[in-house]
Amino acid sequence: MNIGIVVYSETGNTKGVAKILKQKIEAYGHKARIEHIRADKKRKHLEIAPSTHPYDRLYFAAPVHAFTLAQPMKKYLRDLPDLPEVPVGVFVTQQFRHKIFGGMQALRYMKRMLKKRDATITASGIVHWTHPGRDRIIDEITDELLK
Ligand SMILES: Cc1cc2nc3c(=O)[nH]c(=O)nc-3n(C[C@H](O)[C@H](O)[C@H](O)COP(=O)(O)O)c2cc1C
C-alpha cells in the first residue's frame, strides 16, 4: 500500500507523531510519505496544499489552535476535492491535558469536513503534549491509527 500522511505542523509536534506513524507503516512493509501543508505567516493563505492522490490510505493531522483546529488545516479541508475511496485516519496534537481545550472540537471539524468529501474515517486520536504519559499515548494512538 501507498499511504499519505498530510500534516500541518508549526513547531514540529504533529510532524513528530506523523514520523512515528510513518515508521510503523513502513515496518509493516508499506510505503508512506509525509506531505506538508504550508501556510503564510498569518496562516491565512496556503502556499502548499498537497494532493491526496495517488494514496491507498490517508491520514490528516494538525495542531489545535485557539480551542479549534489550526486555520491552515481548516482551509485545506474546506478546499479539498472529493477523496478517493480509501480509509482515512485523523489526529491532532494540543498543549493542554484536557480534550475540552480544543482537541475534541478540532477532531469533530476534521471528521465533518472529511465526511463531506465521502471519506470513511477509521480512527482518530488526540495527543496531549504536556501529558506525563505522552510517549505511551503516541504509541497507542499510532497503533490505533494503523488498524
Ligand atoms: C497560536 C496557537 C494557539 C494554540 N492554542 C491551543 C489551544 O487552544 N489548546 C491547546 O491545548 N493547545 C494550543 N496550542 C498548542 C499547540 O496545539 C501544541 O503545542 C501543538 O502540539 C503544536 O503542534 P505543532 O508543533 O505541530 O505545531 C496553541 C499553539 C499556538 C501556536
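**Close-up 1. Asp118 in the loop between α3 and β8.** In this predicted model, Asp118 is found in the loop that joins helix α3 to strand β8. Although Asp118 is not a glycine, its phi is positive, at about 70 degrees. Most residues other than glycine have a negative phi. Asp118 counts as exposed, because 11 C-beta neighbours lie inside 10 Å and the cut-off for an exposed residue is 12 or fewer.

**Close-up 2. Helix α3 and the elements that cover its buried residues.** Helix α3 runs over residues 103-116, 14 residues in number, and spans 20 Å from its first C-alpha to its last, close to the 20 Å expected at 1.5 Å a residue. Its buried residues are Gly103, Ala106, Leu107, Met110 and Met113. These residues lie on the same side of α3, because the arc they cover around the axis is only 135 degrees. Among the elements that cover them are the strands β5, β6 (68-69), β7 and β8 (120-128), together with helix α2 (71-79).

**Close-up 3. The largest nonpolar core and the surroundings of Phe91.** The largest nonpolar core holds 38 residues, and those with the most contacts inside it are Ile5, Tyr59, Ala61, Phe91 and Val92. At least two residues of this core come from each of β1 (2-7), α1, β5, α2, β7, α3, β8 and α4 (134-146), and the largest share, 6 residues, is supplied by β5. When its neighbours within four places in sequence are left aside, Phe91 is in contact with Val17, Ala61, Ser124, Gly125, Ile126, Val127, Ile141 and Leu145.

**Close-up 4. The shell around the ligand.** The ligand is surrounded by 19 residues, of which the closest are Ser9, Asn13, Thr14, Pro63 and Gln94. Helix α1 (13-27) and the strands β5 (57-65) and β7 (87-94) each supply at least two residues of this shell. Sorted by class, the shell around the ligand consists of 7 nonpolar, 10 polar and 2 charged residues.

Close-up 5. Arg43 lies in the loop between β3 (38-39) and β4, where it has a positive phi of about 65 degrees although it is not a glycine. Arg43 is partly exposed, with 16 other C-beta atoms within 10 Å. Pro54 is placed in the loop between β4 (46-48) and β5, and the peptide bond that leads from His53 to Pro54 is cis, with omega near 10 degrees. Most peptide bonds are trans.

Terms used
Residues numbered from 1 in each chain as written. Predicted model: local features only at pLDDT ≥ 70, side-chain atom pairs only at ≥ 80, totals over all residues. Near = placed C-beta within 6 Å. Helix = DSSP H or I, 4+ residues; strand = E, 2+ residues; numbered from the N terminus. Nonpolar A, V, L, I, M, F, W, Y, C, P; charged D, E, K, R; others polar. Expected span 1.5 Å × (residues − 1). Buried ≥ 20, exposed ≤ 12 C-beta atoms within 10 Å, placed from the backbone. Arc of directions from axis to C-beta. Contact = placed C-beta atoms within 7 Å. Core = buried A, V, L, I, M, F, W, Y, C linked by C-beta atoms within 7 Å.
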